[in-house]
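Hello,

Here is the structure I promised to pass on. Please have it open while you read the notes below.

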Amino acid sequence: MADLVRARPQWPTVRGGQRSCHAVALVLLAAPILLLALPYTGGDATTVDVTPADVGSALLVCFCGVQVLRGRARPLTPAAAVVFAAPTVALAAAAVTAADPVTALPGLARYLQIFVLVPAAVVLLVRDARDFRLVAASLVLLAVVEGAVGLHQYVTGTGASYMGQDIRAVGTFGATDVMGMATVVALGTVVAAALALRPPARHPRWYRPALLVIACVLCVPLVLSFSRGAWIATVPTLLVLVAFTGWRRLVQFLAAAIAVVVVLVGGFGVGSSMLNQRLSSITQVTDAPDQSVTDRYTMWAAASGMWQENPVTGVGLKGFATHRDAYSGLALSAGSDTAGAGRDFHRQPLLSPHNMYLLVLSEQGLLGVVGLVGSWLALLVLALRRTWRCLFRGLGTSADCGLVAVGLLAWQLIDFLYADIGGPSTALTGMLFGLCAWWALASRAGEDGHG
């Protein structure tokens, strides 16, 4: 009997354990994205809020750490180590040189979560292109759910307040994070379009038409979010993705986009007057701009002033809010008005410049720009290179993953011109950078169908 026990093969058990770990990893990879669908009421802008999505990302990082310690995760490539180490050093320097290092600690933790820990965990846990597509599909699913909630809010007048009416589509994010739903829906549109433009080799017949329909339908709640920054980021990103697949398809896309706008606004009158006002406000910078535009440019000037006096290290993490009034003009209002979507009127203070590059420049100086923004540009260059090799040199069969990665990163880098990190949707930013980093940095990513 003892000989029989010793002779029992162990490989099936090991493989079963590996499959179980992989299944857990996939669940944890999707969790930070799908948990954003939970309704979020939000707290005061001056407090540190931990959302369910943040908890999900923390579990993802912890699980990845355990897998690394047990030797079940492949190590980072040298390029990945450099890309993740550069912002870590810059952020640590910004926290140490801050006027109040204790106050800077929450900011340090947030930056490390979004731009280092979560992306590194995604790079280590995503095994191949199939895993990548599954995480991307969870983002599309979230966008569909949020878009449906936002459309219902517009139709029933239960959304956030906009021009005196509770019609602004904000999804489950509430009135305190009016950019949350717009971000999710815009990213879902980009992912659906990218997967439809270059589907996998062995895809079912319904795959491409279904994704094209989803991308077109998501444009409706995106419009009803009245988010100028999301519009500005989405349009050029889609143009870049379509141009990657050929000029003929680009012309077809432009024709379809014009037709959708004509039907939605001209045929059904979807927010036509308010949409026209919102679009025209984009160009009204010096000629009668609205208060939100005035506030934004006033804070941009304040951020620039902080950097000019502290060019190397900035004023320190979490320092913009402290130094804002000393560098702002009288045109800056006390805050933005939020109401609707189940929340009473609330005055939300303006604690950031709503421009990620200026926020980094003002709080972290040139050191932060080189370390943090430099890592983003490195990811973009590497992702573009691998996507180009897949599309035009036939090196690999995962071009759809490349289009998704390039689209997500391009959208985020454009959106950073008008927004920065903050709010519950910030957890999604970490996952976004993780997917892009996997395509750009993971060993053999994009060289074949298994990543």
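**Serine 362 and its surroundings**

Serine 362 touches Ala303, Met306, Trp307, Gly314, Val315 and Phe320, leaving out residues up to four places away in sequence. Contact here means heavy atoms within 4.5 Å.

Two notes on the source. This is a predicted model, in which local features need pLDDT of at least 70 and side-chain atom pairs count only at pLDDT 80 or more, while totals for chains, interfaces and linings use all residues. Residues are numbered from 1 along each chain as its sequence is written, and side-chain values use heavy atoms, with hydrogens and water left out.

Back to serine 362. It lies in helix 14, residues 356-392. Helices (H or I, at least four residues) and strands (E, at least two) are DSSP runs, numbered from the N terminus. Serine 362 has a relative accessible area of 0%, so it counts as buried. The cut-offs are under 20% relative accessible area for buried, over 50% for exposed, and partly exposed in between (1.4 Å probe, protein chains only). A polar atom of the serine 362 side chain sits 3.1 Å from the backbone oxygen of leucine 359. That is a polar contact: a pair of N or O atoms within 3.5 Å; within protein, one must be able to donate a hydrogen and the other to accept it, and residues adjacent in sequence count only if both atoms are side-chain atoms. Alanine 302 is 60 residues away along the chain, yet its C-alpha atom is 8.6 Å from that of serine 362.

**The whole protein**

The secondary structure comes to 16 helices and 4 strands. Of the 451 residues, 49% are buried. Among contacts with a separation of 6 or more, 75% join residues 24 or more positions apart.

**Helix 14 against helix 4**

The axes of helix 4 (residues 78-96) and helix 14 come within 8 Å and cross at roughly 165 degrees. Helix 4 is therefore roughly antiparallel to helix 14. Axes are lines fitted to C-alpha atoms, for helices over the stretch in contact, and angles run from 0 to 180 degrees between N-to-C directions. Angles under 35 degrees count as roughly parallel, over 145 as roughly antiparallel, 65 to 115 as roughly perpendicular, and the rest as oblique.

On the helix 4 side, the meeting residues are Val83, Ala86, Pro87, Ala90, Leu91, Ala93 and Ala94. Helix 14 brings Glu363, Gln364, Leu367, Gly368, Gly371, Leu372, Ser375, Ala378 and Leu379. By class, the contact has 11 nonpolar, 4 polar and 1 charged residues. Ala, Val, Leu, Ile, Met, Phe, Trp, Tyr, Cys and Pro count as nonpolar, Asp, Glu, Lys and Arg as charged, and the others, Gly among them, as polar.

Serine 375 is also in helix 14. Its relative accessible area is 7%, so it is buried. The backbone oxygen of leucine 372 lies 2.5 Å from a polar atom of its side chain. Setting aside neighbours within four places in sequence, serine 375 is in contact with Val83, Pro87 and Val370.

**Helix 6 against helix 7**

Helix 6 (residues 129-156) and helix 7 (residues 178-197) have axes that come within 8 Å and cross at roughly 130 degrees. The two are therefore oblique to each other. Ala136, Leu139, Val140, Leu142, Ala143, Glu146, Gly147 and Gly150 in helix 6 meet Met181, Val184, Val185, Leu187, Gly188, Val191 and Ala192 in helix 7. By class, that contact has 11 nonpolar, 3 polar and 1 charged residues.

**Loop residues**

Aspartate 177 is in the loop between strand 2 (165-168) and helix 7. It is buried, at 8% relative accessible area. Beyond its neighbours within four places in sequence, aspartate 177 is in contact with Gly423, Pro424 and Ser425.

Phenylalanine 226 lies in the loop between helix 8 and helix 9. Its phi is positive, about 55 degrees, although it is not a glycine. Phenylalanine 226 counts as buried, at 1% relative accessibility. Serine 227 lies in the loop between helix 8 (207-224) and helix 9 (228-244). Serine 227 is buried, with a relative accessible area of 1%. It touches Arg168, Met179 and Ala182, not counting residues up to four places away in sequence.

Lysine 318 also has a positive phi, about 65 degrees, and is not a glycine. Its loop runs between helix 12 (291-309) and helix 13 (320-327). Lysine 318 is partly exposed, with a relative accessible area of 43%.

Best wishes
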